[in-house]
Amino acid sequence: MNTAYNFAFFDEGSKREIRRATLKAIAIPGYQVPFASREMPIGRGWGTGGLQLTLSLIGKNDVLKVIDQGSDESVNAVNIKKLVSDTTGVETTEETHDATLIQSRHRIPEVPLTKDQILILQVPIPEPLRYYEPSESETKKLHAEKEYSGAWLMLFEQIMKYGSMTTGADHPVLVHERYVMAPSPIPRFDNPKMDESEALILLGAGREKKVYAVPPYTKVVSLDFEDFPFEPESFEDKECRLCGSTGVFLDELVDEATDETVYQCNDTSYCLEKLNAVGVK
Amino acid sequence: MTEFEVPVLSVKNLNKQYGPGCPHCKEGESETLVKNYCQVCGTVYACRDVSFDVFPGEVLGIVGESGSGKSTLMQCLYFDQEVTAGAAFVRSYENGEKNLFQESSQQQRYIRNHIMGKVYQNPLLGLRMNFSSIGNIAEKLIAAGSNHVGMMESRGTELLNKVNIPVHRRKEAPKYFSGGMQQRVQIAKALSNNPPVLLLDEVTTGLDLSVQASVLDLIKSLQRELNISIVLVSHDLGVIRMLADRTLVMLEGKVIEEGLTDQILEDPQHPYTQQLVHSLL
Amino acid sequence: MGYVAVKGGTLAIEESIKRLKFERVKQGRTIEVEKIQAGMRGLIDQVMSESSIYDETLAALAIKQAEGNPEEAVFLLRAYRSTIPRKHYSRVIESDEMQLERRISASFKDIPGGQILGATTDYTHRLLDFRLMEETDESVQEWLHQFHNEDSQNEEQVTDLTLAKVLDYLRKEGLIPPCENNNQEPDDVTRESLEFPSTRSQRLQILTRGQTGAVTSLAYAVIRGYGALHPTVGELRVGKLPVTIDHPTSEGNDEDSYYIGEVQVTEAEMLMPVSVEKEYGKKEMEFEIGYGLCFGQNETKAIAMGILDNCLEHPNNEFPSHNEEFVLYHIDSVESTGFISHLKMPHYVTFQSKLDSVRKTKKEERQEVNS
């Protein structure tokens with residue numbers, strides 16, 4: 001543990017300030033609370049928002065899991081985990097069940113989360129209306145007035161152009177029937193996991209200096225139209241080549257030997273767990 | 001009272017000034033004013049005590065030279081600008097009992113989205129130039145609560161058809177259109193939510209004469225077909241003569257004469273109106 | 001025995017960090033922090049200014065660790081800054097108390113106190129000085145000895161030179177309007193996040209922390225034509241400012257305050273001619289002021305900041321340089337370099353998701369063709 005720094009890197013005053021913003025975010029589901037985002041020892045845009053939330057919340061008894069794009073072992077996940085454990089000494093894990101705090105970039109774990117867990121998502125662009133309206137003071141007004149035609153208009157335009165909605169990740173959602181929110185670049189596949197989630201979900205954007213939240217058991221609806229319903233990515237007829245799972249988010253790979261497209265669980269810790277369960281049998 | 005006698009829109013003592021005013025000009029009638037401009041402090045009294053009613057299915061014309069306050073009046077009615085004092089009531093909003101200018105900006109947005117339509121002289125203000133034409137219409141429909149792509153597309157197509165935009169160009173962005181076509185897209189957009197009140201601000205100014213004529217014809221036939229109430233502002237008495245049932249003449253921020261359009265054209269009372277009518281002949 | 005995760009990531013990072021250290025020391029020589037501090041004044045000043053932390057030693061350490069890369073050095077110092085509790089705010093510093101090292105005005109030749117050129121590269125010929133290849137500590141010390149000797153012959157020279165501001169002189173003449181002191185407590189952008197419309201104190205803080213190159217480029221665009229300003233340097237000064245803090249129990253009491261050190265800064269007061277309308281529509285020319293101040297000697301940045309300060313006082317959507325969101329959101333070194341570099345991170349999931357949408361549109365296209 002690196003003792004040249006305070007527990008969890010920040011001074012206590014900074015942690016309190018971030019927690020205050022977090023409480024406000026929980027009190028107003030989906031509303032982006034501005035906070036005085038600190039410069040972190042990792043790059044702006046590399047998860048500093050999520051990291052600040054993690055560091056402000058973490059206590060000595062927490063168990064931390066960090067994933068990046070579904071993987072515990074991705075360099076960025078490892079890097080963040082290392083920084084937190086260096087400055088706190090807390091236990092880290094790859095088992096989703098064992099974690100009390102899960103910081104993630106671009107994925108929600110396949111295993112349903114529980115009320116004893118907090119999911120922290122890293123956010124690059126917190127403003128769902130940004131590509132419709134570049135000005136921050138304008139989008140702030142639109143949220144205040146609940147004027148979201150722009151959010152639907154962007155989807156409408158996609159349908160006009162391409163015949164279907166073409167959002168990739170970060171498909172906007174309506175939270176608690178009030179605020180339209182960017183769920184962070186999680187695949188559409190993960191959007192429904194936010195709805196009525198047992199676990200508290202916090203979202204942090206460090207560079208853009210915003211914190212927002214989906215409290216437990218909150219209604220989260222992906223934006224769509226009556227005749228063009230929201231559709232998650234489809235992995236129909238496909239299964240993980242390792243553990244055989246279906247109905248999970250799969251990575252598409254090319255088997256170098258056979259030159260065939262193969263699929264495998266994106267959530268690596270879920271896949272391992274499945275494999276081990278099979279192994280025991 | 002019969003329905004015909006209840007105004008759709010009623011404006012009472014609307015005042016709009018630019019500048020703080022000073023002891024010299026606050027009286028309004030003081031001799032320091034040159035026209036509606038205070039020489040001492042530079043305050044401009046753009047609208048002074050403007051009151052009028054618009055009845056169902058009526059086209060009310062407002063004529064005056066540039067600087068007479070007529071466009072400012074329109075901006076105030078569509079909440080593009082805040083009034084300094086005064087009131088406006090719309091029959092279909094809260095039974096016509098609430099002063100629109102005192103509603104919250106969220107409510108004002110509701111009124112704009114559901115009860116009014118506006119066509120600006122400058123299409124840049126009324127259209128999103130980079131979105132498709134049909135998307136522009138859908139934006140207004142979404143804002144008014146629509147959530148069905150098929151319905152919005154057919155309504156949009158129908159409206160574009162009405163304003164003579166070829167169906168195959170409906171997915172093109174207005175920035176690729178000529179000025180006359182842009183104006184027609186704006187008209188279609190403004191009509192999309194069947195507004196009881198339509199505001200037209202110098203819609204033909206700057207267009208070629210032949211294009212002007214076709215846009216005016218279009219407005220006239222649409223008005224007859226849909227029986228909407230229109231407030232029409234123009235500096236061109238020719239436009240007013242063609243469309244307006246009743247006319248207000250504005251000069252230096254004040255209404256100096258009002259009456260049936262024919263009456264004003266044949267028997268103008270105020271010297272300024274007389275001058276205006278003579279120049280038309 | 002069950003399956004275990006591949007530990008590729010952890011290992012790769014460890015190796016990469018080792019590799020990075022190798023690159024730093026591979027020639028078998030190291031540069032001492034004192035040497036950086038002694039010889040890299042320009043870089044240290046820039047790094048302190050962009051990090052908004054005034055400490056030459058820490059800046060030198062950051063530069064060493066970053067192998068001289070300013071964006072990396074600023075990043076290190078900013079992150080360090082986040083861990084330090086904020087114990088005090090300094091008392092208001094009046095910049096006319098500056099101990100001047102250099103002071104010029106481009107607007108008036110005869111300013112009271114005169115123009116003081118001080119140390120500047122402005123009139124050097126930019127010819128590579130190959131003699132520096134041979135420079136040693138001894139030759140430098142010898143030169144210094146001689147320099148001090150010459151100096152002591154003009155013993156009368158004042159050491160603590162303070163002078164009235166050029167602009168105060170202009171105010172007395174009535175050429176620029178009097179300026180009221182704004183005693184409102186400034187906002188602290190590191191403690192509360194920026195919201196729009198911003199206050200001037202927020203703008204000035206973000207500008208002074210801005211990346212030198214970014215601030216300079218935007219101001220350059222303004223005076224070259226993508227902006228509406230024609231500024232003149234009213235006064236540019238470089239010197240040291242004393243920093244004091246209040247005694248904890250007697251706030252606001254001058255007598256009891258503590259002197260905690262001094263900072264070297266560059267200050268630019270820019271004059272922009274504007275036409276103002278007076279009573280009865282009479283037009284007059286007046287001067288407005290743009291203010292720039294940054295740590296160390298970094299004159300281009302201070303002047304550029306002065307230009308942008310005035311731009312943002314007059315919002316104008318015609319030019320991005322007059323749009324506060326555009327300027328303030330994009331000039332921070334840590335933010336811009338962070339977000340650009342994050343593109344190197346894996347985006348496998350987002351890409352997979354987009355792939356799904358692309359395939360869907362292709363499928364629909366085919367159906368349309370077939371039907």
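These legends accompany close-up views of a predicted model. Residues are numbered from 1 along each chain as its sequence is written, while chains are lettered from A and ligands numbered from 1 in the order in which they are written. Local features need pLDDT of at least 70 and side-chain atom pairs count only at pLDDT 80 or more, whereas totals for chains, interfaces and linings use all residues.

**View 1. Chain C meets chain A.** Here 44 residues of chain C are in contact with 57 residues of chain A (contact: C-beta atoms, placed from the backbone, within 7 Å). On the chain C side, at least two residues each come from helices H1 (8-25), H5 (70-81), H12 (333-341) and H13 (348-370); helices (H or I, at least four residues) and strands (E, at least two) are DSSP runs numbered from the N terminus. H13(C) gives the most, with 11 residues.

**View 2. An open sheet in chain A.** Follow the 7 strands in the order E1-E9-E8-E5-E4-E2-E3, with mixed pairing (strands pair if DSSP finds at least two bridges between them). At the edges sit E1 (33-34) and E3 (91-92) of chain A, each pairing on one side only.

**View 3. Strands E8 and E9 of chain A.** E8 (residues 200-205) and E9 (residues 210-214) of chain A run antiparallel and are joined by 5 bridges. Look for Gly204(A), whose bridge partner in E9(A) is Val211(A).

**View 4. Helices across the sheet strands.** Helix H1 (residues 12-27) of chain A lies across E1, E8 and E9 of chain A, at about 45 degrees to E9(A). Helix H3 (residues 75-88) of chain A lies across E2 (63-68), E3 and E4 (101-105) of chain A, at about 155 degrees to E2(A). Axes are lines fitted to C-alpha atoms, for helices over the stretch in contact, and angles run from 0 to 180 degrees between N-to-C directions.

Definitions and conventions:
Contact = placed C-beta atoms within 7 Å.
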